[in-house]
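Q: Before we turn to the details, could you show me how to read ring pairs and backbone angles in a model?

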Amino acid sequence: MSIDDKLPVRTDRQETDPPAGARAKKRGLAGHVGRLAAWLVLCVVVLVIVLVGGFAWYSTTEDFQKRVGKEIVSVLEDATGGRVEVGAVAFNLWHLAIEVDHLVIHGLEAPGEAPYPLRR
C-alpha cells in the first residue's frame with residue numbers, strides 16, 4: 001500500500017468546479033439592465049458635451065459669422081421690403097448677442113439720395 005491509497009477521496013465536488021472563493025457573482029436581469037442604462041446615460045452626456053463644445057467652437061469661426069450675416073440680411077429685407085447692407089457681424093454665444101456694424105437699409109429713396117443709416 002502506498003501513501004496515495006491512504007488519502008481520503010472527496011466525492012462531493014467535481015474536478016471541473018472552480019474553488020469556492022473563485023466563483024463569479026451572477027447578476028440578475030435588473031443588474032444587466034441597470035448597467036446598460038448607466039452606459040447609455042453616460043454616452044448621451046458625453047455626446048451632448050461634445051456637441052455643445054463643437055458648436056461653441058464653430059460659432060467663433062468666420063464661416064459661421066458670414067452665415068449669421070446672410071440670415072440677418074435676409075430677415076431684414078423680408079421685414080422692410082428694402083435692400084439691406086451689413087458690414088460686419090459678431091455673434092456671442094455666451095451672451096446670446098449679435099453685434100452688427102455698418103447696417104444700411106435702402107428703402108424708397110431716390111438713386112441720388114443717401115440711404116437711411118441706422119446708428120446706435
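A: This is a predicted model, in which local features need pLDDT of at least 70 and side-chain atom pairs count only at pLDDT 80 or more, while totals for chains, interfaces and linings use all residues. Residues are numbered from 1 along each chain as its sequence is written, and side-chain values use heavy atoms, with hydrogens and water left out.

Q: How many aromatic pairs does the count come to?

A: A pair of aromatic rings is described by the distance of the centres and the angle of the planes. Rings of Phe, Tyr and Trp (its six-membered ring) pair if their centres lie within 6.5 Å, and planes under 30 degrees apart count as stacked, over 60 as edge-to-face and the rest as tilted. By this rule there are 3 aromatic pairs. Because the centres of Phe-55 and Phe-64 are 5.7 Å apart and their planes stand at 90°, that pair is edge-to-face. Tyr-58 and Phe-64 also pair edge-to-face, at 5.4 Å centre to centre with 70° between the planes.

Q: Which residues do the ring pairs link into a cluster, and is Phe-64 buried or exposed?

A: The cluster consists of Phe-55, Tyr-58, Phe-64 and Phe-91. Buried means under 20% relative accessible area, exposed over 50%, and partly exposed in between (1.4 Å probe, protein chains only). Phe-64, at 11%, is buried, whereas Phe-55, at 37%, is partly exposed.

Q: What phi does Leu-96 have?

A: Most residues other than glycine have a negative phi. Leu-96, although not a glycine, has a positive phi of about 50°, and with 69% relative accessibility Leu-96 counts as exposed.
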